[in-house]
Amino acid sequence: MSTHPTGPIQITSPPKNRGEVPKDDSMVLQKNMIAEHFRQLEEAPQTRTPVVYTFVPGNLTELVRSFGALPVLPEINALQSGMRGKSRDYIAEAERAGHSEDVCTYVKCDIGQALAGNIGPTGTKLPKPDLLLLSYTGCYTFMKWFELLREHYGCPTVFLQVPYQGDGRLAPEHRAYLMEQIRTEVIPALENVTGRKYDEDRLRHYLSLSRQAEDDLVAVLETAKRKPSPIDAYFGAVYYVGPIFSAFRGTEDGVRYYHELRREVEERARAGRGPITPDGPLDEQRYRLVVEGPPNWTNFREFWGMFTAEQAVVVASTYTKVGGVYEFGFRHDPEDPLGTMADYCGGCYTNLNLPSRVDMLAHYVKEYEADGFLINSIKSCNSFSAGQLLMLREVEKRTGLPGAFVESDLVDPRYFSAANIKNRLESYLQMIDARRQGVGA
Amino acid sequence: MSRQEIVSWARSCYEDVRFEKPRAWLADHPERRAVGHLPVYAPKEIVWACGMLPVGIYGGGDQVEIIRGDAYYQSYICHLPRSVIELALSGRLDFLSGVLFPSTCDVIRNLSGMWQLLYEKIYVRYLDLPQIADPDLATRFWERELKTLADDLSEISGIRASDDRLRAAITTYNEVRSTMRALYRARGEAPWRVPTEEVYLLLRAAEVTPPDEFLAQARAYLAAVEEDTSRPKDRCRVIVVGSFCEQPPLGLIKTIERAGCYIVGDDFLLGSRLNQQDIPVDGDPLHQLAASLVRGAARTSVLYDPDPEGKPRLMPQQVRESQADGVIFAAPSFCDPALLDRPMLRAGAEKAGIPCIAFQYSENTGQFQQYRDQAGTFSDSIKLWGGA
């Protein structure tokens with residue numbers, strides 16, 4: 001069951017320009033996969049391929065794919081717009097249409113993009129959704145986002161309510177509630193818009209592919225326990241999680257990508273090499289950090305560069321778990337298709353309560369032998385940001401390490417202050433140095 | 001008791017940031033317990049059936065100086081949670097045996113986790129309100145959540161929420177809601193006799209007093225209003241939308257009315273009125289509580305609206321029902337539910353030719369001149385030209 005009609009994506013890279021940082025094969029492969037996906041999306045109206053918009057946390061990509069539909073992830077489009085310098089105009093467009101300065105900039109970027117003709121991040125036109133699959137996983141804004149898109153596109157919406165882990169676990173009755181919703185609401189909605197019947201064998205196949213990719217992803221992320229770390233588990237890992245968070249979980253291409261990525265990373269680990277960064281390899285690593293919160297996308301390379309300039313590598317991050325937490329044992333289970341999707345949705349990082357998030361950060365600091373941890377607090381993301389100052393204190397208390405706190409935004413360039421962030425980061429790293437030398441420890 | 005005395009009583013409840021009223025209720029019988037809840041909606045019937053007093057926690061308004069609370073929140077998070085934390089850290093909430101955090105937004109949701117970290121011995125419950133379109137499945141989900149809550153609170157209070165106790169509590173809160181509807185009806189019929197300031201103070205009093213005390217005061221108020229012979233003033237009629245969670249300062253409510261806008265519809269303290277109909281007292285009480293919310297809740301930004309036409313139609317419908325002339329969108333700064341909904345609601349209103357204005361506030365806003373100017377101009381434009 002190939003996931004696209006032209007066969008597996010090839011690793012073909014354009015000739016390198018002088019001075020350009022060499023790209024790993026996995027990076028080229030991912031770029032080609034994304035380009036092919038957007039090409040398929042552009043042609044979807046002609047090929048009559050149904051299109052389902054959904055969100056990264058709690059996405060049911062395998063299920064969507066099993067109906068022959070293509071997923072679109074609006075947050076991915078928004079962050080890509082941020083990285084490509086387009087979000088400022090999109091946000092302005094949305095604010096002119098009456099959206100407040102105070103709300104999520106992903107939403108405004110996406111609305112602005114839709115108002116401006118819905119040209120996707122690769123420059124191709126995105127098709128209208130045939131269905132909005134609103135998986136409500138730990139972010140209130142998602143609900144409003146799809147209510148807004150429903151008004152814009154006038155298409156059907158199906159709501160999957162994912163109960164929050166208020167008590168630090170997915171209660172059995174909540175799991176059963178999720179399964180029942182998938183069975184009685186989501187599947188019929190997909191059958192309706194695609195004209196296909198639910199095919200559980202097909203779904204199981206995709207779930208088994210997910211499992212393979214998840215094994216490789218976990219292996220990749222855990223290489224950061226090595227010294228030097230062969231990966232940057234925040235800035236670098238946002239690329240690593242890209243395929244599995246978006247359209248490629250449960251696909252042959254996804255499996256191939258993670259297999260290739262794992263091979264490369266393990267090779268770097270064996271050679272005692274650090275990650276490839278935009279400023280070159282980071283083999284010498286003075287600081288090992290854990291990071292909480294999403295990155296800023298408008299100044300992504302500049303932000304990353306502040307770390308590499310100080311020879312700081314991120315060894316674990318929570319943001320790379322918003323699309324699924326796999327390192328504590330969860331894998332998609334083809335033997336229990338609906339149950340495993342329920343477990344997946346309930347277990348995403350955004351669906352965890354604050355004590356669980358604190359536990360995870362403290363665990364990372366210890367397991368990855370970090371020198372410290374940093375919180376990048378996002379102005380327009382209450383789901384992440386509300387409570388982070390208390391989390392900072394709790395993690396400090398549990399680990400005995402001081403934490404750092406910087407502020408930026410997702411895709412609104414007006415809220416990125418390079419000087420402020422750089423000053424705080426440098427001061428923080430100096431504090432780590434001072435503690436190493438026994439000053440103020 | 002005179003009308004002035006009733007309003008003074010309600011004002012004293014509103015200004016009581018040390019929660020002396022619920023403390024006094026607890027002190028009358030040492031075995032009593034109280035449970036707090038954040039906005040918007042909590043099932044008070046269950047708390048009351050367990051012999052506990054439900055206490056609404058709406059922050060410190062403009063009366064509490066924030067000293068410690070600001071250390072817990074970044075500048076871009078709304079004001080309510082920092083004043084709630086201030087109340088807690090200053091010991092003002094230490095009489096509560098538990099706190100309920102409804103799924104109003106991500107900030108209140110995360111505040112539940114903060115409570116778990118800060119107060120390990122206090123019962124904390126996050127209430128995931130039912131959101132899905134299928135009423136039967138949503139009812140089953142919510143009924144199960146209510147059962148868990150009832151069991152937990154029964155254990156804390158030592159008083160089991162039996163079916164009989166639950167039915168009695170439902171009856172009591174049906175009376176509370178019915179009396180609130182009567183207050184709103186009286187205001188809608190003659191807003192010159194029933195200023196929103198007074199109705200609002202009574203509703204705030206209901207958040208911190210036992211239901212029977214509120215009922216006695218509110219009924220006496222309604223009787224007193226009958227004697228009022230005030231004449232209407234030349235003002236327009238507006239509904240205020242977006243103030244369901246963090247509450248506007250009382251001065252802002254007064255400013256809107258004094259600037260020439262009778263408020264004849266609002267979503268202040270919406271949780272206490274979210275159930276729009278009486279809840280049946282026959283059958284299984286938890287099921288009736290659950291089904292009533294799922295099938296009869298007022299449309300609000302904190303609940304998903306499965307009807308694609310729901311948002312565009314909401315303002316025209318509310319304006320029609322209130323016989324209002326326009327809409328004032330008044331939302332707290334950084335309030336995701338209200339601000340994300342506003343473009344949809346406003347578009348629906350404007351498409352129907354309903355005049356609208358919008359502004360933002362914080363619970364501790366102290367300067368009202370800009371609101372006076374906006375509301376005054378809005379009122380003038382409606383009165384002079386029939387539109388903004």
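Chain B and chain A bury about 4,700 Å² between them, with 56% of that area on carbon and sulfur atoms. Keep in mind that this is a predicted model. On the residue level, the contact draws 55 residues from chain A and 53 residues from chain B.

On the side of chain B that touches chain A, the elements giving two or more residues are helix 5 (106-118), strand 4 (123-127), helix 6 (135-157), helix 12 and helix 13 (336-351) of chain B. Helix 5 of chain B gives the most to that side, with nine residues. As for charges, the rule finds five salt bridges across the interface of chain B and chain A.

Now for the rings. Over all chains, the structure holds 36 aromatic pairs. Take Tyr106(A) and Trp145(A): their centres are 6.5 Å apart and their planes 40 degrees from each other, a tilted pair. Tyr106(A) belongs to helix 5 (residues 105-115) of chain A and Trp145(A) to helix 6 (residues 140-153) of chain A, so this pair ties together parts that lie 39 residues apart in sequence. Tyr106(A) is buried, at 9% relative accessible area, and Trp145(A) is buried too, at 0% relative accessibility.

Another pair brings us back to the two chains. Phe159(A) and Tyr304(B) have ring centres 4.4 Å apart and planes at 50 degrees, so this pair also counts as tilted. The pair crosses between chains: Phe159(A) sits in strand 4 (residues 157-161) of chain A, while Tyr304(B) sits in the loop between helix 11 (285-296) and helix 12 (310-322) of chain B. Phe159(A) and Tyr304(B) are both buried.

One aromatic cluster is formed by Tyr234(A), Phe235(A), Tyr239(A), Trp297(A), Phe300(A), Phe303(A), Trp304(A), Phe307(A), Tyr319(A) and Phe416(A).

Finally, look at where lysines meet rings. The charged end of Lys379(A) sits over the ring of Tyr415(A), 4.4 Å from the ring centre. Lys225(A) has its charged end over the ring of Tyr368(A), 5.4 Å from the centre of that ring.

Key. Residues are numbered from 1 along each chain as its sequence is written. Chains are lettered from A and ligands numbered from 1 in the order in which they are written. This is a predicted model: local features need pLDDT of at least 70, side-chain atom pairs count only at pLDDT 80 or more; totals for chains, interfaces and linings use all residues. Side-chain values use heavy atoms; hydrogens and water are left out. Rings of Phe, Tyr and Trp (its six-membered ring) pair if their centres lie within 6.5 Å; planes under 30 degrees apart count as stacked, over 60 as edge-to-face and the rest as tilted. Helices (H or I, at least four residues) and strands (E, at least two) are DSSP runs, numbered from the N terminus. Buried means under 20% relative accessible area, exposed over 50%, partly exposed in between (1.4 Å probe, protein chains only). A charge sits over a ring if NZ of Lys or CZ of Arg is within 6 Å of the ring centre and within 35 degrees of the ring normal. Contact means heavy atoms within 4.5 Å. Buried area is the accessible area (1.4 Å probe) that two parts lose on being put together, summed over both. A salt bridge is a side-chain nitrogen of Lys or Arg within 4 Å of a carboxyl oxygen of Asp or Glu.
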